[in-house]
Amino acid sequence: MTDAGTSGGHIDTGKPHSARMYDYYLGGKDNYPVDAEAAEQVISLFPAVREMARANRLFMHRASRLLAGRGVRQFLDIGTGIPTEPNLHQIVQETVPQARVVYADNDPIVLRHAQALLHSTPEGKTAYVHGDVREPGKIIAAARETLDFSRPIALSLVALLHLVGDEDEPARIVRELLEPLPSGSHLTLSHATGDFDPETWERIVQVYRKGGTAAQVRSRAEFSAFFTGLELVEPGVVPATRWHPEFGEETGGEGGAEAGAGEMPLYVAVGRKP
């Protein structure tokens, strides 16, 4: 079964958007000149950003595959971005055909492509919600139409919180999203860091902020704080390429694809709600 989400607004091509810049890094075509221009500024500062975007996506694949293999049957993916196959539901429904997945994003261009996210297996279900992570209550309310909140849910905020400034209280947002989830639920996060090169990442942050996105990199300690009260899945907080590379080998050798990417300034982790 599939469901459409709520309606969104018009696409603003006058300023860059983080989802479309990410699409540009991945070699996609769903971006505009303003997005390409901003993305090229970032590339000039950090040429490995394309590899970093791919490492982030492969982490999402591995984490989702691991959780599906451990019995998780429901997933809430916020900050979905422009669909790039394989999408999260395709990964988890390979293992669990009856898995239910709700996607949420606030970019109208993602809404335009949402149909690509709705090709569920007959046994499972997918849905798309046009919503902003800064309004967690609205996303949770919409997700309840598809997900059973009496059973564990895997909440995914991949490459999202570094686009939420401290002024929007990301720690509060995470708490409010986790609060209604039952015991046995999981939180999957990835987050850019300036720990390895503070000056370069401050300049990258300014590129995003100039375009209207409240980007903010965070330290390992700040990233770890999002998992307060959760039990970290081994190996804990690590750079993306170090997190369970063996889970990329099952479909096309993803682990090997990023083996040469080096130490990416991207922290990742998965935590379990006790």
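**Close-ups of a predicted model**

**View 1. Strand β9 and its partners.** Strand β6 (residues 186-192) runs antiparallel to β9, with 7 bridges joining the two. This is a predicted model, where local features need pLDDT of at least 70, side-chain atom pairs count only at pLDDT 80 or more, and totals for chains, interfaces and linings use all residues. Residues are numbered from 1 along each chain as its sequence is written, and side-chain values use heavy atoms, with hydrogens and water left out. Strands pair if DSSP finds at least two bridges between them; strands (E, at least two residues) and helices (H or I, at least four) are DSSP runs numbered from the N terminus. Look for threonine 188, whose bridge partner in β9 is valine 270. Strand β7 (residues 231-232) also pairs with β9 in the antiparallel sense, over 2 bridges, and here leucine 232 stands opposite glycine 271. β8 is joined to β9 by 2 bridges, again antiparallel, and proline 239 faces tyrosine 267 across that pairing.

**View 2. How enclosed β9 is.** Strand β9 (residues 266-272) has 6 of its 7 residues buried, so the rest of the structure largely encloses it. Buried means under 20% relative accessible area, exposed over 50%, and partly exposed in between (1.4 Å probe, protein chains only).

**View 3. Phenylalanine 46 with tryptophan 201.** Searching the whole structure turns up 5 aromatic pairs. This one is tilted, at 5.4 Å centre to centre with 55° between the planes. Rings of Phe, Tyr and Trp (its six-membered ring) pair if their centres lie within 6.5 Å; planes under 30 degrees apart are stacked, over 60 edge-to-face, and the rest tilted. Phenylalanine 46 sits in the loop between α2 (33-45) and α3 (49-69) and tryptophan 201 in helix α8 (residues 198-210), so the pair ties together parts 155 residues apart in sequence. Phenylalanine 46 counts as buried at 16% relative accessibility, and tryptophan 201 does at 7%.

**View 4. Phenylalanine 59 with tryptophan 243.** The ring centres of phenylalanine 59 and tryptophan 243 are 5.3 Å apart and the planes are at 90°, so this pair is edge-to-face. Phenylalanine 59 belongs to helix α3 and tryptophan 243 to the loop between β8 (238-239) and α10 (254-257), so the contact links parts 184 residues apart in sequence. Phenylalanine 59 and tryptophan 243 are both buried.

**View 5. An aromatic cluster.** Phe196, Phe223, Phe227 and Tyr267 make up one aromatic cluster. Tyr267 is the β9 residue opposite proline 239.
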